[in-house]
Amino acid sequence: MSKNFNEVLKQRELNEKKEEKVMSLDSTERIKVLSPGQLVFKRFINNKLAIVGSVILIVMFLFSFICPLIYPYSQTQIFYKYDDSIIDYAQAVERTDYVITYAEGAEELSYKVKNYLTLNINSLKSSGEKEMLINGADGNNYRLEANEDHVYTLYKNDMEKVASISSAVKYGEYKMLGKELTLEAGVEEVAGFDAALEKAIKAKEKEFSAGGKSFSLVQNKKVYTIMLAGEGISYEGKKLSTEFEDAFNANAEGGSFEFAGDTYRVAKEGEDSVAYKLGNETKVALLTNYVIDAVVSGTTLSNEFQNAAIEALIGNKTFSADGKNFTVKNENGELSIYDDDNSEMPYSIISTHVIRRYNGEDTIDIALKEKIREVVAKMDEEGELTSTFEWELAQVNSEGEYTYDADGNLIKQPRTFTVKNKNGSYVLSVAQVVYLIDTFAKPTAQHWVGTDGDGMDVLARMMYGGRVSLIFSFIVIFIETFLGIILGGVAGYFGGWVDNLIMRMVDVFYCIPSMPILIILGSLFDALKLKPYIRVGWLMIVLGVLGWAGVARMVRGQILSLREQEFMVATEAVGLRTKRRIFKHLIPNVMPQLIVTATSGLGGIIITESTLSYLGLGVKHPLATWGTMISSVSSAEAMKAYTYIWIPVGLLICLTVVAFNFVGDGLRDAFDPKMKR
């Protein structure tokens, strides 16, 4: 039987109505039961800002704790580079000290004698004499002889002091005003001196005699200085003949003379002249400021060679050392030493300039040394402080390796040397490819965020720094919350004097100036030189102890409102212990507020840690935190030049703090919907 279209539709609607279940208003199927935790979670995920904050925090934790495991660099790894840089290549200094070479069998000179030898040599130079007598501080007498401008021989002499000529000495002063006479300490009064002095002053005489002694007057305004004339020649032993005295007086300013078959030398000692009778003389040492450089780079000149060369320089110009024979030659004012087996090229060069690499190594080619000496001599002659010259140095590639041509020969390239006179020391600088710490490198494929001032990878330090900053904040919040729960819970539950005592403690901690304490502790940690991780541990404890008061006050307030409710009356009726009532029934009901407070406080702790590290009071180098990374570019010029360092770190701090605040606000709204605005 066929049906029309309308009948088919009516039949379908009828069948659907039969299949529908009829539910009453009080049917349990109409109610979807959600637990309190599910309700909080549902409200939380409905908050878009809370979800954004959660995603950011998840990314931060992955960035700080997972990425360092796969990133190839560590936070303290230093990177280097080869770069064409101006370096201090060498230093040329004229030797002013004198090297002592002892004669065979001679004893080493005392420290005091050594100290005065250079002064004695300079004094001998300025006097123009060839020799001088020295009364050594060790009780011995010496004779210093100039062999030439740069070589001196020191002899020990058994000299005997024979006689001396004393010059005038100060006897006293006479003041016209008051006619006051003052004698020098230690002088003997002379009979008839006062009368002779007054007579000489009235007669305006410059010399007078009294008691068999001669005096002279030197007037300075109204004061007369009285000088006692020297008493001629005084002897240490028996008096010698007038012939000796005549010879002594003739050489009173220094010199030598013969008398009765003996040799006498006269030395000036202050204002006095002293005559010494020379005895047996032994050679002690040679002193020279010459420098001997090998012509072939890398050749080591033995002490035997250098000592024999100086001996030959003042002798017959030939010597033997190290199994070879050598000759010293003077070629156009330059001293050279030739090996007798090879007369074409000098074996070594003698000069007064010490030329070494700036690190102290003697690896400079002799030809370059000669060029440096030539330039330095010209600068001295013309009084120039700066000069330049061209010289070929071995070519170095970008990897710091020497380059060679197809035949294996070292490739050289011309370089410009700059010579500067710095207080008599000549410093040579030149542009060369050197191995340097790669500081403040800009972002590259190797270092995505560049390197810092210590040549460390910024991205790696951002990762490891995030670890410290996040762990630091969580541990500080844990300490604050732990102390706040215990003390706040006890105060709120017991009340009375216990509550009063704990709240007064809270007031005291609120009044403590945190920043001055942290500054003092930072100085203390610096003085104790604590290791970075130990320093971080103490900082976390101190910040946690200083910050518990706010949590304790919040917990106390919540417990005061909860302890009078019916469920607490029931716990008391069934006889539960106090500890169980507080920590099993009261604290869990305060937990939502604690979670919100802790989450919101995490961002503040990160800011505090970053601020302390920025000020140098927190974590110390080389341990990385976000605060220390920003402090490394704290000057205005550095912040302008190295934005690729502090901007990414600043963004991490900003995003983390904002994310914690978003999550905290989301938890607050989820636990207490009525607070949502």
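This note covers aromatic contacts, one hairpin and the cysteines of a predicted model.

1. Basis. The model is predicted: local features need pLDDT of at least 70 and side-chain atom pairs pLDDT 80 or more, while totals for chains, interfaces and linings use all residues. Residues are numbered from 1 along each chain as its sequence is written, and side-chain values use heavy atoms, without hydrogens and water.

2. Aromatic pairs. The whole structure contains 23 aromatic pairs (rings of Phe, Tyr and Trp, the last by its six-membered ring, with centres within 6.5 Å; planes under 30 degrees apart are stacked, over 60 edge-to-face, the rest tilted). Among them, Phe61 and Phe65 are stacked, because their centres are 5.7 Å apart and their planes at 15°. Both residues belong to helix H3 (residues 48-70) and are 4 residues apart, about one helical turn (helices are DSSP runs of H or I, at least four residues, and strands of E, at least two, numbered from the N terminus). Ring pairs also join Phe61 and Phe65 with Phe474 and Phe660 in a cluster.

3. Charges over rings. Lys329 has its charged end over the ring of Tyr338, 4.7 Å from the centre (NZ of Lys or CZ of Arg within 6 Å of the ring centre and within 35 degrees of the ring normal). Arg357 lies over the face of Tyr89, 4.2 Å from the ring centre.

4. Strands S18 and S19 (residues 324-331) run antiparallel, joined by 4 bridges (strands pair at two or more DSSP bridges). Thr318 stands opposite Thr327 in S19. Between the strands are 2 residues, and Asp322 has a positive phi near 55°.

5. Cysteines. There are 0 disulfides (cysteine sulfur atoms within 2.5 Å).
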